[in-house]
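Please go through the following briefing with the sequence and the model side by side. It is grouped by topic.

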Amino acid sequence: MGLNIGGEVEKINGADLSYHQFVERFLEKNQPVVLTGLMGNWRASKDWVTPNGHPNLAFFSTHFGKSIVQVAECGSREFTDQKRVEMSVSEFIDHWRELSMTEGCNKSSHKEQQPPLLYLKDWHFVKEYPEYVAYTTPLFFTDDWLNLYLDSLPMHVDSDNCHDRNEINCSDYRFVYMGAKGTWTPLHADVFRSYSWSANVCGKKKWHFLSPSQCHLLFDMSMKNSVYDIFDDVSETKFPGFKKTLWLECTQEQNEIIFVPSGWYHQVLNMEDTISINHNWFNAYNLSWVWKLLWKDYKEAKEYIDDIRDICDDFEGLCQRNLAANTGMNFIDFFIFISSFSFAHLTLLYQLVRNDEYPSGSLSGKAHHLIRNLTSIRRVAFNMKFAEVFSGEKLHGCLEAFSDIRKIFEKPEFIELCIALNRAYGMIDEQWKQDSTTKSTSVGFKPDFLWLDFIEAIGLSVSGPEDLIRIIDYAITNFSCVGKSKNFSLFHVMNELDSSTVL
């Protein structure tokens, strides 16, 4: 069955695109795009590529050969993914060279006689080699809550979920991929329904995309199993909707970066020997996608073990542990995540207001960005408050640090998060050129937490989403009373954003 191709992914010069334009055209509309002109100064583009444009395998063996990485066997399926094995980078490079020599000498040999196609995936290169600065994250992708958070704080608060392997796997979501011609990734949507970006350091990839509005067509009648390989002989009986799918395709060349929006299923083939750098990330614009996935996976996890509900002392806790193991986080992890970003945003916004870093009656780009993000968090928190786990007594043990949120602000890790977030938004705001003070306030920034004194009248305890909403509302309503611009209502701006913007 051939694919129905409805068009190609747009390709534009990223150097000619402002951050605001990228948001309007691609983040808000959740549309894919290929960006050129953003990789010219990357160290990886020089060190990792030979003069004739091929992967510099010798460089990797010499400098990073001892690293232990995950490698996918492209010809072996295991559940919904390819079979994974672990080996050193040197072993992987040796296998790649063996494969190249075999193909060169035995072009007519049977496929069974060839070494298996191996694809190095999900190498946490940045975490492993922080001093080797292989690349700079493009400005469009710097508002990356997922990796900014994991740089300072763990994803899981439940010790039952903090196993060594689990923590390694979610230490960050910045990866290097390496594979010979013909290696591929099966059809999937990205972890957490996050955004992703993928930069081809060398080589060429073929992408096929299906929009979220059609993704139900990829599943069987039970909506449990999806198509694995779109180029297989897909069974019309098992997947009756597949023949109706309409795909976008794209050929990604060397030094091009592709933006993959939330919820888009995609399958990728390496048309040449390829090295790529990949990030998964999310922020205010796709935060609701993350919550929807968590809610969906939670309901499935709950249904799966429902028969033991009556004999389980902590059924809800078991559901949450299973959710963390299967999806990568649970409701409590996610709530602590969005609460941390709420507090960081309120800290930055309060300092902007107190220092009068916007004129009366208008907002700087940075302040507008902060309020928009808080609006998105508030909307997600409102949907979360109906979850059963937030009414249980055992929740309070998980949220012990929130019994007095001053404890959070005493942690160096939280201060690091505030500084990193301020740095990212300073870069974005500087490009918008709407705030002449941005550069000076971003250099040597030191967060203070005077806004906690400001809201102490309503209490500093957070025991669930409703408390978080109350703190955001109170702070935004009353921040306008700070500084000289007292006639400007930030809460009015939030209400306008909440009613007019779909995030």
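How many aromatic pairs does the structure hold? There are 64 aromatic pairs in the structure, where rings of Phe, Tyr and Trp (its six-membered ring) pair if their centres lie within 6.5 Å, and planes under 30 degrees apart count as stacked, over 60 as edge-to-face and the rest as tilted. This is a predicted model, in which local features need pLDDT of at least 70 and side-chain atom pairs count only at pLDDT 80 or more, while totals for chains, interfaces and linings use all residues. Residues are numbered from 1 along each chain as its sequence is written, and side-chain values use heavy atoms, with hydrogens and water left out.

**Aromatic pairs**

- Phenylalanine 343 and phenylalanine 409 form a tilted pair, with ring centres 5.9 Å apart and planes at 40°.
- Because phenylalanine 343 belongs to helix α10 (residues 331-354) and phenylalanine 409 to helix α13 (residues 406-409), this pair ties together parts that are 66 residues apart in sequence; helices (H or I, at least four residues) and strands (E, at least two) are DSSP runs, numbered from the N terminus.
- Phenylalanine 343 is buried at a relative accessible area of 0%, and phenylalanine 409 is buried at 4%, where buried means under 20% relative accessible area, exposed over 50% and partly exposed in between (1.4 Å probe, protein chains only).
- Phenylalanine 414 and phenylalanine 449 also make a tilted aromatic pair, at 6.0 Å centre to centre and 45° between the planes, and both of these residues are buried.

**The open sheet**

- Five strands form an open sheet with mixed pairing in the order β1-β11-β10-β13-β8, and two strands are taken to pair if DSSP finds at least two bridges between them.
- The edge strands, each pairing on one side only, are β1 (5-8) and β8 (184-188).
- Within this sheet, β10 (residues 205-210) and β11 (residues 247-252) pair in the antiparallel sense over five bridges, and lysine 206 stands opposite threonine 251 in β11.

**Helix α9**

- Helix α9 (residues 315-327) has 13 residues and reaches 18 Å from its first C-alpha to its last, close to the 18 Å expected at 1.5 Å a residue, the expected span being 1.5 Å times one less than the number of residues.
- The buried residues of α9 include Phe315, Cys319, Leu323 and Thr327, and what covers the buried residues of this helix includes α8 (287-304) and α10, with contact meaning heavy atoms within 4.5 Å.
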